[in-house]
Amino acid sequence: MKRVFGAKKNKDPPPSIQDASDKITKRGDTVEEKIKKLDVELNKYKEQIKKTRPGPAQEAVKARAMRVLKQKRMYEGQRDMLYNQTFNLDQVQFAAEGIKDAQQTMSALKSANKELKGAMKTVKIEDIDNLQDEMMDLMDVSNEIQETLGRSYNVPDDLDEDELMGELDALEADMGFETEADGVPSYLQPDKEPDLDAELNLPAAPAGHAAPGRSNAQTEDELGLPAVPRASLRG
């Protein structure tokens with residue numbers, strides 16, 4: 001059967017926009033190289049025209065230069081046409097990519113919308129309002145409990161505030177009187193060491209002069225009293 005009707009040929013996939021753009025850009029680059037070569041040749045003819053005297057020789061060089069210039073203009077037109085095609089393909093590719101991005105965005109929005117609708121079914125505004133009211137009531141009860149537990153059992157309720165203010169003013173006056181002397185209240189001054197001699201009320205020890213050649217027979221103890229002589233034991 002294949003011999004009679006022939007086998008169906010596999011069609012090649014159509015070229016993508018990027019493939020077509022790359023191919024046209026490559027052709028444009030080839031034309032650009034030809035234009036550069038013509039520029040080099042044209043500059044050579046310009047130098048020859050400057051060095052050649054007016055006459056048939058100069059006219060021949062000008063004719064060659066004119067021919068090169070016409071070729072350059074033709075290639076420049078082809079280059080501009082190819083670049084315009086590349087620009088158009090780039091615009092089409094940009095639009096196609098934009099449509100693909102829009103499709104993906106729409107798909108993501110639809111999926112998110114579906115999930116949001118499913119989540120909203122489990123959440124009700126009435127339940128949120130009731131929960132907020134219940135939380136406010138619990139907070140009020142908690143504050144009342146804290147205030148009740150923070151009451152002091154020793155402070156009577158029938159204290160006169162005017163009387164308390166009077167005692168506070170008297171206390172401040174006493175503190176000011178104590179600080180007038182040396183600037184420091186008495187309860188903040190450091191403790192002084194007691195005078196042991198003054199507490200015992202003992203007389204001062206006489207200061208006698210020892211006779212020459214003799215040492216002082218009497219010595220004083222720690223309290224300033226004459227030391228008791230010790231009896232010596234003789235065998």
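Helices here are DSSP runs of H or I with at least four residues, and strands are runs of E with at least two, numbered from the N terminus. Keep in mind that this is a predicted model.

**Start with the cartoon.** By that count the protein has 6 helices and 0 strands, and its elements read α-α-α-α-α-α from the N terminus on. Now colour by accessibility: of the 235 residues, 9% are buried.

**Select serine 16.** You will find serine 16 in the loop between α1 (2-5) and α2 (17-51). Show side chains, and look for the polar contact of 3.0 Å between serine 16 and aspartate 19. Is serine 16 buried, partly exposed or exposed? With a relative accessible area of 32%, serine 16 is partly exposed, because that class runs between the 20% and 50% limits.

**Move on to the salt bridges.** The whole structure holds 4 of them. Select arginine 79 and glutamate 32 for one, where the closest N and O atoms are 2.9 Å apart. This pair ties together distant parts of the chain, with arginine 79 in helix α3 (residues 56-122) and glutamate 32 in helix α2, 47 residues apart. Arginine 79 counts as buried at 18% relative accessibility, while glutamate 32 is partly exposed at 21%.

**Now pick lysine 72 and aspartate 39.** Their salt bridge has its closest N and O atoms 2.6 Å apart. Here too distant parts of the chain are linked: lysine 72 sits in helix α3 and aspartate 39 in helix α2, 33 residues apart. Lysine 72 is buried at 15% relative accessibility, and aspartate 39 is partly exposed at 24%.

**Stay in helix α3 for arginine 73 and glutamate 76.** How far apart are these two along the helix? They are 3 residues apart, about one turn, and their side chains meet in a salt bridge of 3.5 Å, N to O. Arginine 73 is partly exposed at 49%, whereas glutamate 76 is buried at 19%.

Select Glu126, Asp127, Asp129, Asp133, Glu134, Asp137, Asp140, Glu144 and Glu147, which form a negative surface patch. For orientation, centre the view on glutamate 144, which lies in helix α4 (residues 125-149).

Terms used. Residues numbered from 1 in each chain as written. Predicted model: local features only at pLDDT ≥ 70, side-chain atom pairs only at ≥ 80, totals over all residues. Heavy atoms only, no water. Patch = residues over 30% accessible without salt bridge, like charges linked within 9 Å, V, L, I, M, F, W, Y side chains within 5 Å. Areas by Shrake-Rupley, 256 points an atom, 1.4 Å probe, with all protein chains shown as cover. Lys, Arg positive; Asp, Glu negative; His and termini not counted. Charge placed at Lys NZ, Arg CZ, Asp CG, Glu CD. Buried < 20%, exposed > 50% of the residue type's maximum accessible area, 1.4 Å probe, protein only. Polar contact = N/O pair within 3.5 Å; in protein donor to acceptor, adjacent residues only side chain to side chain.
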